[in-house]
Amino acid sequence: MNGSDPLSVHLRRIDPVQNMRRFYGLSVQLTLFGGAALVRTWGRIGTRGQSMMETFDDETEAGQAMTRLERCKKRRGYRDAILRSQNS
């Protein structure tokens, strides 16, 4: 990972029948002390939501944790957020 290409994942879970509109975001960011942090944000779409930061000794560990959480969320019904262009 380099500074111009941060690792991040944005997921959504929308189910109108259950009135469910959730988001879940994961990103790996470098810390000032040479480690890496996995930042998680989640909540209802349209709100600020909550966040939590977990620190790791290196980017590899943080990336593995991010991949593990992404798989877990996708098993629970979350899907990649699709950005729609304004022309469509």
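This is a predicted model: local features need pLDDT of at least 70, side-chain atom pairs count only at pLDDT 80 or more; totals for chains, interfaces and linings use all residues.

Colleague: How many aromatic pairs does the structure hold?

Modeller: There are two. Y24 and W42 make a pair with 6.4 Å centre to centre and 25° between the planes.

Colleague: Why is the pair of Y24 and W42 called stacked?

Modeller: Ring centres must lie within 6.5 Å to pair, and planes under 30 degrees apart count as stacked. With 6.4 Å and 25°, Y24 and W42 therefore qualify as a stacked pair. Y24 sits in strand β2 and W42 in strand β3, 18 residues apart, so this pair links distant parts of the chain.

Colleague: What makes Y24 buried and W42 partly exposed?

Modeller: Buried means under 20% relative accessible area, and partly exposed runs from there up to the exposed class, which is over 50%. Y24 has 7%, so Y24 is buried. W42 has 26%, so W42 counts as partly exposed.

Colleague: And why is the pair of Y24 and Y78 called edge-to-face?

Modeller: Their centres are 6.1 Å apart, with 65° between the planes. Planes over 60 degrees apart count as edge-to-face, so that is the label this pair gets. Y24 is in strand β2 while Y78 is in the loop between α1 and β5, so the pair ties together parts 54 residues apart in sequence. Both Y24 and Y78 are buried.

Colleague: What makes up the largest nonpolar core?

Modeller: This core has 13 residues, and L26, V28, L38 and M66 have the most contacts inside it. β1, β2, β3 and α1 are the elements that give two or more residues to the core, and α1 gives the most, with four residues. In soluble globular proteins, nonpolar side chains tend to be buried together.

Colleague: Which residues does L26 touch, leaving out those up to four places away in sequence?

Modeller: Among them are L7, V9, L38, V39, M66 and L69, and also S8, R40 and E70.

Colleague: One last thing: what is the phi of N19, and how do you know that N19 is exposed?

Modeller: N19 has a positive phi of about 55°, although N19 is not a glycine. Most residues other than glycine have a negative phi. N19 lies in the loop between β1 and β2. The relative accessible area of N19 is 53%, and exposed means over 50%, so N19 is exposed.

How values were computed: Residues are numbered from 1 along each chain as its sequence is written. Side-chain values use heavy atoms; hydrogens and water are left out. A nonpolar core is a set of buried Ala, Val, Leu, Ile, Met, Phe, Trp, Tyr and Cys residues joined through side-chain atoms within 4.5 Å. Buried means under 20% relative accessible area, exposed over 50%, partly exposed in between (1.4 Å probe, protein chains only). Contact means heavy atoms within 4.5 Å. Rings of Phe, Tyr and Trp (its six-membered ring) pair if their centres lie within 6.5 Å; planes under 30 degrees apart count as stacked, over 60 as edge-to-face and the rest as tilted.
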